[in-house]
Amino acid sequence: MAGTEFTDAERSRVAEIRIEPYGRVVPLQLADTELSLAPGDSSLTTCPTLYWTDGGAVAAWWLLAAGKRCPTRPSRPIQR
């Protein structure tokens, strides 16, 4: 199952962090993302991901290794 490496406590903490900028609960989705973890390295590593969308923007929080998280800032709104 996607995102199963996130603990319940980690998912809860990310949800809490999202309340501050949005002023409300923003639903989190679990996924797996393939990332290149080193510049110039073409190999991809599957990483558990929590992501959310709001107002056309998408943001994600990846679990990279024990104790290491890589949050992103919301991206530009998706042009449709």
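User: What makes up the secondary structure of the protein chain, in helices and strands?

Analyst: The protein chain has one helix and four strands, in the order α-β-β-β-β along the sequence. Helices (H or I, at least four residues) and strands (E, at least two) are DSSP runs, numbered from the N terminus. This is a predicted model, in which local features need pLDDT of at least 70 and side-chain atom pairs count only at pLDDT 80 or more, while totals for chains, interfaces and linings use all residues. Residues are numbered from 1 along each chain as its sequence is written, and side-chain values use heavy atoms, with hydrogens and water left out.

User: Where in the protein chain is confidence lowest, and where is it highest?

Analyst: On pLDDT, the predictor's confidence in each residue from 0 to 100, strand E4 (residues 68–71) is lowest with a mean of 49, and strand E1 (residues 29–35) is highest at 88. Over residues 71–80 the pLDDT is below 50, although this stretch has 19 contacts in the model beyond near neighbours in sequence; a contact means heavy atoms within 4.5 Å. The mean for the protein chain is 75, and 75% of its residues reach 70 or more.

User: Why is Arg18 called buried?

Analyst: Buried means under 20% relative accessible area, exposed over 50%, and partly exposed in between (1.4 Å probe, protein chains only). Arg18 has 10% relative accessibility, so Arg18 counts as buried. Arg18 lies in helix H1 and is in contact with Arg24, Leu28 and Trp52, leaving aside neighbours within four places in sequence. Of the 80 residues of the protein chain, 25% count as buried.

User: What makes Glu5 partly exposed?

Analyst: The relative accessible area of Glu5 is 48%, so Glu5 is partly exposed. Glu5 is found in the segment before H1. Its contacts, not counting residues up to four places away in sequence, are Glu10, Pro48 and Leu63.

User: Which residues make up the largest nonpolar core?

Analyst: The nine residues are Phe6, Val14, Tyr22, Val26, Leu50, Trp52, Ala59, Trp61 and Leu63. Helix H1 (8–22), strand E2 (45–54) and strand E3 (57–65) each supply at least two of the core residues, and E3 gives the largest share, three residues. A nonpolar core is a set of buried Ala, Val, Leu, Ile, Met, Phe, Trp, Tyr and Cys residues joined through side-chain atoms within 4.5 Å.

User: How do you know that Arg24 and Asp54 meet in a salt bridge?

Analyst: A salt bridge is a side-chain nitrogen of Lys or Arg within 4 Å of a carboxyl oxygen of Asp or Glu. The N to O distance between the side chains of Arg24 and Asp54 is 2.3 Å, and they meet in a salt bridge. The pair links distant parts of the chain, with Arg24 in the loop between H1 and E1 and Asp54 in strand E2, 30 residues apart. Arg24 is partly exposed at 40% relative accessible area, and Asp54 is partly exposed at 23%.

User: How many salt bridges does a search of the whole structure find?

Analyst: The search finds three salt bridges. One of them joins Arg11 and Asp8 at 2.2 Å, N to O. Arg11 and Asp8 are three residues apart in helix H1, so they are separated by about one helical turn. Asp8, at 56% relative accessibility, counts as exposed, whereas Arg11, at 24%, counts as partly exposed. Glu16 and Arg13 also meet in a salt bridge, at 3.3 Å, N to O.
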